[in-house]
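Dear colleague,

Please find the structure below.

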Amino acid sequence: MSDRPEIVCICGSTRFVDELSAANRDLTFAGVIVVAPGVFLRAEDREADELITNEQKTALDALHLRKIDLADRVLVVNPGGYIGESTSREIAYAHATGKPISFTDPF
């Protein structure tokens with residue numbers, strides 16, 4: 001048995017920044033090491049103008065898969081059961097690598 005705290009990777013649409021932050025806070029207070037998205041784009045920001053390039057988005061997506069590799073398990077933050085394209089890929093990757101996956105909401 002390891003002395004280190006559990007590591008949880010949070011996945012979910014960055015449109016749910018408040019819910020992702022709340023999950024991060026709750027897990028951190030529970031003594032968990034949290035890895036989570038580091039860049040949050042709201043829908044209205046994307047409509048105003050492009051904040052990141054396609055290359056940056058691709059790099060962020062790949063980086064998040066590496067975060068899943070570091071984690072003991074994955075928590076999908078999916079208010080109302082929503083799971084977008086990127087989160088679906090992350091779930092498939094976590095499943096393929098044998099990571100336990102849980103969800104905040106049924107879908």
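**Findings**

Tyr82 is partly exposed, with 33% relative accessible area (buried means under 20%, exposed over 50% and partly exposed in between, with a 1.4 Å probe and protein chains only). This is a predicted model, in which local features need pLDDT of at least 70 and side-chain atom pairs count only at pLDDT 80 or more, while totals for chains, interfaces and linings use all residues. Residues are numbered from 1 along each chain as its sequence is written, and side-chain values use heavy atoms, with hydrogens and water left out.

A search of the whole structure gives one aromatic pair. Phe16 and Tyr82 form this pair edge-to-face, at 5.8 Å centre to centre and 70° between the planes (rings of Phe, Tyr and Trp, the last by its six-membered ring, pair if their centres lie within 6.5 Å; planes under 30 degrees apart count as stacked, over 60 as edge-to-face and the rest as tilted). Phe16 is buried, at 14% relative accessibility.

The structure also holds seven salt bridges (a side-chain nitrogen of Lys or Arg within 4 Å of a carboxyl oxygen of Asp or Glu). One of them joins Arg73 and Glu6 at 2.6 Å, N to O. Arg73 is partly exposed at 22% relative accessible area, and Glu6 is partly exposed at 32%.

Another salt bridge joins Asp61 to Lys57, with the closest N and O atoms 2.8 Å apart. Asp69 and Arg66 form a further one, at 2.9 Å between the closest N and O atoms. Of these residues, Asp69 is partly exposed at 33% relative accessibility, as is Arg66 at 41%.

Yours sincerely
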